[in-house]
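Student: I have a model to look at and a list of terms to learn. Please take me through what the terms rest on.

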Amino acid sequence: MTGAFRLATGGRIDRARPLRFRFDGNEYNGCAGDTLASALIANGVHLMGRSFKYHRPRGLLSTGSDEPNALVGVGRDEGHYTPNLRAGQIELYDGLVAESQNRYPRLDFDLGAVNDLFSPLIPAGFYYKTFMWPAGAWKRFYEPKIRAMAGLGRAPRGPDADRYVQRFVHCDVLVVGAGPAGLMAARAAAASGARVVLCDEQPEFGGSLLSDREASINGMPAAQWVDQSIAETASAGRVTLLPRTTAFGYFTHNLVALAERVTDHLAAPDPYLPRERLWHVRAREVVLATGATERPLVFPDNDRPGIMLAGATRTLVNRYGVKPGARAVVFTANDHGYGAALDLVRAGIDVASIADLRPTADGTLPEAARRAGLTVRTSSTIVGTTGRLRVDSALIAAIGPDGKTGPAQTVTCDHIAMSGGFTPAVHLFSQSKGRLRFDPALQAYVPGVSAERERSAGAARGIYGLAAVLADGWAQGESACLDAGLRGSPKRPQLNIRERDTGTDTWLGATPHNRNPIFVKAFVDFQNDVTAKDVKLAVREGFESIEHVKRYTTSGMATDQGKTSNMNTLGIVSAALGKTIPEVGHTTFRMPYTPVTFGALAGMSRGALFDPVRTTPVQPWAEAEGAVFEDVGLWKRARYFPRQGEDMHQAVARECKAVRAGVGIFDASTLGKIEVVGPDAAEFMNRMYVNTWTKLEPGRTRYGVMLREDGFVMDDGVVGRLAPDRFHVTTTTGGAPRVLAMMEDYLQTEWPDLRVWLTSTTEEWGVIALQGPNARKVIEPLVEGIDLDSGAMPHMSVRAGRICGVPTRLFRVSFTGELGFEVNVGADHAPAVWEAIFAAGARFGITPYGTETMHVLRAEKGYIIVGQETDGTATPDDVGLGWAVGKTKRDFVGKRSLARAAMGRPDRKQLVGLLTEDPRTVLEEGAQIVADPGQKPPMTIIGHVTSSYFSPTLGRSIALAMVAGGRGRMGDTLHVPMPGRTIPVSVTNPVFFDPEGKRLDG
Amino acid sequence: MLLIPCPYCGPRPESEFSYGGEAHIARPADPSALDDAAWAEFLYLRRNPKGPHAERWRHTHGCARFFNAVRDTRTDKILATYRTGEPKPETSK
């Protein structure tokens, strides 16, 4: 037996396959085909959660994705824990472990329920009104307390142990929803030869037909027809069927995101399977067959466990073979409630009374109910319920002709099925930016004008009744094919349908009652604990826009996005304002339709795969040497090479001294490199850079500065001319893609007449920098075909030859102020060449150094780094590079902007050096600079520190800074205000070491 | 995410492209001949229309070519794409 409240027969469950599961530590039995909710109810457990604000006991409201109450956490351990899952959608498997949320210490005894007693003191906007004073207390006291008291589930306490993948597909027709409309749409599309994707959030296709015992199609039960229909669709061959797959987001140009739950329903999943797949589906045409959700009725105490939507009642009885109670009351505003009553009777459950809000009920279902001997009370309403952890009675009263309610009669019951009619699920349509239209007959918003290539079908657009829905599904599937440019579908199959009409009657807003409103809670939004009273209060306080009412009351703002509450909120606001529903408007649906796991969104992009990592050919050597790495963009760069016991400062000091006194070796492979080739290459370079290139001889290099068109420094780097028509351009490490993109932009769109070709060669070359007085001596024995003598190969030149037997482009260049070479070799050769050079340098004490030492050495020389000294508002002159600008050039990118008066003002920030009075004080980079330390805040800031280090060469701290009119302040004392003290500094030339540049020749 | 028909490669997802701002703004042949106001207009002023907008795109992670597109800024519908240097085509909306 799988629960005392299990029916002996019927439903889509397998009683022969019992499953064990745990909820809040108690063990229960269910069976294959159950959900957690159906199995709990089969065991008589209706209390499944506590409400968000008042901690009221709550049970199942719905069996679908609109469930606001029965949210639970599932997972056997923290690595597999998922909070806030809807119990009616959790497929049961053997060994499932679930727990309730938002309760302390226990679900059936929750201390937080004290909030319910104080609820008259906690109206809408309570937080905004109450926690205003004292000002600081919100963050320290109120917010932490409220957060602990209110809320849903908890985050898992460990990293996610599962794997998630993403798939990208294109199709002709995507059908969302595999209820009767979606099945027919997919069948029509498949029959016309379209590539079809059909998805449904449920484990089984069929939608409402799975819970329907009445309807038959072609003489067979509806559920059997579903199987036949799926088989026929699948046999068309170009069809992808995706059960357990929720379409949660509709993006521009018909991109629809689907979340497929692959293994959540399995007790022992195949470890090779991911937990979820995120499908990015780009569809030519979309059919939205998302159905409709049932509206709860807003009556006093409508939230006790045991009170649920009539559709949930029918699903429990018909699909899961479960008795939702022993004695039921049906409260309805339409004929659908009678269908539930008849299903209950057929399952042997006593239906004590049917309360119908309408004055008359004479459809086929009400007539059948009367024939079955049920008590039908028209013009009746429920004005209250009783029961602490489960409903135990309903108070039913008649509504008089004046709309007032009469005396109430207590009817004992442990189950109430309610139905306020249906609301088309227009979420995805609305997400696609389609315009909704209010249908007064249905009292609902339905799809109006489409923005994307989509159409809705069936109940999603307000078409009810099985025959009409099936016909509409086929028609929309066919129209999708035609719009996708495919041939039409064959003739629609003849369907002989037997069903009972439920009509389209609805109820919007709160139901009438005669009780003291102060003590009545009639819930509109179950998940956020918003009552009809709260919504009315918001209107009284002057909130008239539905968007404001929503935010003030938080109605519709929970994780269910108000699937069951939005229309009732609208109804109450509309009545309170005396405006029609279309005048009140509606709120905006946003993705996701239901919550999506972070895992699915991240996919494989976690850990090492979160971001690509770029490595240089020398990285393995540096790793083996124990280098400490830093991230520079996507690159990993060796920052320093500590020896035993050294910290960074000690290592950097040693590396700096080794370069200045002997020779250092540095991996400069990350430098951006662009090969500029073609008959017009020199002309192109003239236009792109501030420098003049025409007269640069092949074999010589030049320090190039590139501006944006607005005149500000964008990038710099040494450029070598290898031949009249060939330049080897280097860029900053981070700037390479930007520079190439800008070059391509001008070349393709402004100067397509230039015969120039650009190639990114950043990763083609490994670059080994040798810097220091002994640099030449180290490489001399390894180089063939190049005369390294200073006379033959002066500073700022480039030669092609061989090193260690492989081709090289050898640059004589320095970013340290010392004699220096940069050996460019094919990236594949770089590790071997590096090791050969390192071995050759052993007798000179060759020392590997990292980016930190590189920074210190260049700062000692006052060499700027673009992006550190510059911030996108510096001209070449501001950073002391005015000399590089070709004064006689007619034009280059940025030249005209440099001619603006503001670009030449003497009070622009200019590059200077700063020396602190105390040589041990190292300024903080980014620190602000003032002239008058006595000024009261806000002080007049005249500049900021851009680079700051302790210089081992000089035995003191140095800093570079951008200071207004800085070059006119040489020798002045300025001040750097810091917390607790102000540091005096004197302004100097930014070149701290070897200002004459004598050391460049070794 | 937009689906952009590259005139060289066909329809590709937006993530393969870079946006390049308004199209049909030619860099002046002789910038030095422009006064500050005219230069500032070239440099900074853009139409930002509500409706069809001719704009530059580059198929960065594809053919790497620049091209132009007419996109309706109200609906994100791409009404036409065409090669750099070609005149802006007539679009119905």
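Student: What is B:Ala80 in contact with, leaving aside its neighbours within four places in sequence?

Tutor: B:Ala80 is in contact with B:Ala69, B:Val70, B:Pro89 and B:Thr91. Two residues are in contact if their C-beta atoms, placed from the backbone, lie within 7 Å. As for the source, this is a predicted model, in which local features need pLDDT of at least 70, side-chain atom pairs count only at pLDDT 80 or more, and totals for chains, interfaces and linings use all residues. Residues are numbered from 1 along each chain as its sequence is written, while chains are lettered from A and ligands numbered from 1 in the order in which they are written.

Student: Where in chain B is B:Ala80 placed?

Tutor: B:Ala80 is in strand 6 (residues 78–83) of chain B. Helices (H or I, at least four residues) and strands (E, at least two) are DSSP runs, numbered from the N terminus. Chain B has one helix and six strands, and their order from the N terminus is β-β-β-α-β-β-β. Buried residues are 14% of the 93 residues in this chain.

Student: What makes strand 5 and strand 7 of chain A a pair?

Tutor: Two strands pair if DSSP finds at least two bridges between them. Two bridges join strand 5 (residues 71–74) to strand 7 (residues 96–99) of chain A, and the two strands run antiparallel. A:Val74 has A:Ala98 in strand 7 as its bridge partner. In general, strands of a sheet pair through backbone hydrogen bonds, either parallel or antiparallel.

Student: What is the order of the five strands in the open sheet of chain A, and which are the edge strands?

Tutor: The order is 2-1-7-5-6, with mixed pairing. Strand 2 (26–32) and strand 6 (82–86) of chain A are the edge strands, because each pairs on one side only.

Student: Which residues touch the most other members of the largest nonpolar core?

Tutor: A nonpolar core is a set of buried Ala, Val, Leu, Ile, Met, Phe, Trp, Tyr and Cys residues joined through C-beta atoms within 7 Å. The largest has 164 residues, and A:Val173, A:Val175, A:Ala185, A:Ala189 and A:Val196 touch the most other members. Helix 5 (residues 180–191) of chain A gives the most to this core, nine residues. A separate second core has 101 residues, among them A:Ala859 and A:Ile958.

Student: How many residues does each chain bring to the contact between chain A and chain B?

Tutor: Chain A brings 18 residues and chain B brings 17 residues. Helix 20 of chain A gives the largest share of the chain A side, five residues.

Student: What classes do the residues on the chain A side fall into?

Tutor: Ala, Val, Leu, Ile, Met, Phe, Trp, Tyr, Cys and Pro count as nonpolar, Asp, Glu, Lys and Arg as charged, and the others, Gly among them, as polar. By that rule, the side of chain A that touches chain B has four nonpolar, four polar and 10 charged residues.

Key
Buried ≥ 20, exposed ≤ 12 C-beta atoms within 10 Å, placed from the backbone.
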